[in-house]
Amino acid sequence: MIHETILTTMNTEGDVHIAPFGITVGEDSLVIAPFRPSHTLDNILDNPHAVINYTDDVQVFAGCLTHRRHWETRPAVEVPGVILCQALAHTEVRVTKINDDKQRPHLHCKPVYDEMHAPFQGFNRAQGAVIEAAILISRLEILPLEDVENEIAYLSTAVEKTAGPKELKAWEWLMEYLEEFKAHPGESSQFGSMK
Ligand SMILES: Cc1cc2nc3c(=O)[nH]c(=O)nc-3n(C[C@H](O)[C@H](O)[C@H](O)COP(=O)(O)O)c2cc1C
């Protein structure tokens, strides 16, 4: 099973990086699988710890993909790292094994500390739609644009029917980004490294 989370990592200089990551929940470990090149991977190779943040604030997912990476954090409890202030819960992990790969290494992690901060409030379709759209946006360079636009059109119904202000803002950021991408075909490097 894969949980869509916000991963916070910190290198030994104290530089924090915040990025959405799908975490595979295995029988005896949690697995982070970054595509190279990855700032997250660089940080973890320098400091083999991370914080997995579980949040329903989809602005953080959409924001990180649209170059809004500065979210409030506070120090982690047991590992050198930081906790996202919007987290409903978080898990601090230590990387115990790396299955290296030229394209996508697998980082196996052991939880060392868990904490809950706020209650889960139930599912919201617009939040799900924003996560799906964020994944599409992160793959603009490899997916056919027509497929992305068809899926976005389908997802937009859930946003129109069920979004609150945070979901609307997150959706707006993603749609602005998509329009920029369409306006500058072939110049996607200006949008940063997206996979
Ligand atoms: C919900 C979601 C899940 C993602 N999961 C992964 C993942 O498992 N591995 C990955 O390399 N990128 C994933 N991405 C894309 C990264 O968040 C994005 O490309 C990020 O910038 C990673 O590169 P970085 O470590 O250099 O920041 C995901 C994006 C979203 C929206």
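This is a predicted model: local features need pLDDT of at least 70, side-chain atom pairs count only at pLDDT 80 or more; totals for chains, interfaces and linings use all residues.

Author: Leaving out residues up to four places away in sequence, His49 touches Thr9, Ile44, Val79, Pro80, Val93, Arg94 and Val95. His49 itself sits in strand β4. Is His49 buried or exposed? With a relative accessible area of 15%, His49 is buried, because the cut-off for buried is under 20%. Its side chain also has a polar partner: the side chain of Asn47, at 2.6 Å.

One of the contacts of His49 is Ile44, and that takes us to helix α1, which covers residues 39–46. Ile44 is among the buried residues of α1, together with Thr40, Leu41 and Asn43. Look down the axis of α1 and those buried residues fall within an arc of 160°, so they line one face of the helix. What do the buried residues of α1 pack against? The answer is a set of strands: β1 (2–10), β2 (16–25), β3 (30–32), β4 (49–54), β7 (89–99) and β8 (106–116).

Now slide to the N-terminal end of α1. Ser38 caps that end, with a side-chain oxygen 3.1 Å from the backbone nitrogen of Thr40. Ser38 and Thr40 turn up again at the ligand: along with His17, Pro20 and His39, they come nearest of the 19 residues around it.

Here are some polar pairings to look for at the ligand. An N or O atom in the side chain of His17 is 2.6 Å from a ligand oxygen. Pro20 uses its backbone instead, placing an N or O atom 2.6 Å from an oxygen of the ligand. From Arg104, a polar side-chain atom lies 3.1 Å from a ligand oxygen. On its own the ligand would expose 620 Å², and the protein buries 94% of that.

Which elements build the shell around the ligand? β2, α1 and α3 (125–138) each supply at least two residues, and β2 gives the most, with 5.

Key. Residues are numbered from 1 along each chain as its sequence is written. Side-chain values use heavy atoms; hydrogens and water are left out. Buried means under 20% relative accessible area, exposed over 50%, partly exposed in between (1.4 Å probe, protein chains only). Helices (H or I, at least four residues) and strands (E, at least two) are DSSP runs, numbered from the N terminus. The arc is that of the directions from the helix axis to the C-beta atoms. Contact means heavy atoms within 4.5 Å. A polar contact is a pair of N or O atoms within 3.5 Å; within protein, one must be able to donate a hydrogen and the other to accept it, and residues adjacent in sequence count only if both atoms are side-chain atoms. A residue is near a molecule or strand if one of its heavy atoms lies within 4 Å of it. Accessible areas come from the Shrake-Rupley method with a 1.4 Å probe; for residues, only the protein chains shown count as cover.
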